[in-house]
Amino acid sequence: MGADERLLSLAGELYGGLPADFTPERTAAEKAAKADGDKELAAAVKLLKKPSVGAWAVNLLVRRETEQIDQVLTLAESLRAAAEARRDSANVSTWSICSV
């Protein structure tokens, strides 16, 4: 496993846990990386920020309700596209009227 993959794996474990456990587990992961001689990984782990309660809750929701989140994101993209199409249509109508 490469350095990036190890960091992603550790981050996944840290952010998948409880917020109260984040700091001690991050510190333990940093120390383990140092003990293994991987100073680069240790430094990267140390930079991981403890999530706010809101960010933790959203992360938990995404992890547990992936299918529903995918549906919400698909709906959001459809709504964005519809709003842009409506805006573009309104801009063309306005522009045509102003240029007459």
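Among contacts in the protein between residues at least 6 apart in sequence, what percentage join residues at least 24 apart? The share is 61%. The model discussed here is predicted. The protein contains five helices and zero strands, and its pattern along the sequence reads α-α-α-α-α.

**Overall form**

- The radius of gyration of the protein is 22 Å, whereas a compact globule of 100 residues would have a value near 13 Å.
- Taken along the principal axes, the box filled by the C-alpha atoms is roughly 75 × 25 × 25 Å.

- Of the 100 residues of the protein, 16% count as buried.

**The largest nonpolar core**

- In soluble globular proteins, nonpolar side chains tend to be buried together.
- Here, the largest nonpolar core has five residues, namely Ala29, Ala33, Leu41, Ala42 and Val45.
- Helix H2 (19-35) and helix H3 (39-46) are the elements that give two or more residues to this core.
- The most is given by H3, which provides three residues.
- Not counting residues up to four places away in sequence, Ala33 touches Asp38, Leu41 and Ala42; two of these partners, Leu41 and Ala42, are also listed in the core.

**Two leucines in one loop**

- Leu47 lies in the loop between H3 and helix H4 (53-64), and Leu48 is also found in the loop between H3 and H4.
- Is Leu47 buried or exposed? Leu47 is exposed, because its relative accessible area of 62% is over the 50% cut-off.
- Leu48 has a relative accessible area of 14%, which is under the 20% cut-off, and therefore Leu48 counts as buried.
- Which residues does Leu48 touch, not counting residues up to four places away in sequence? They are Leu7, Ala11, Leu14, Tyr15, Phe22 and Arg26.
- Arg26 can also be related to Leu47: these two residues are 21 residues apart in sequence, and their C-alpha atoms are 9.4 Å apart in space.
- Leu48 and Asp36 are 12 residues apart in sequence, with 19 Å between their C-alpha atoms.

Methods. Residues numbered from 1 in each chain as written. Predicted model: local features only at pLDDT ≥ 70, side-chain atom pairs only at ≥ 80, totals over all residues. Heavy atoms only, no water. Helix = DSSP H or I, 4+ residues; strand = E, 2+ residues; numbered from the N terminus. Rg over C-alpha atoms; globule rule 2.2 N^0.38 Å. Buried < 20%, exposed > 50% of the residue type's maximum accessible area, 1.4 Å probe, protein only. Contact = heavy atoms within 4.5 Å. Core = buried A, V, L, I, M, F, W, Y, C linked by side-chain atoms within 4.5 Å.
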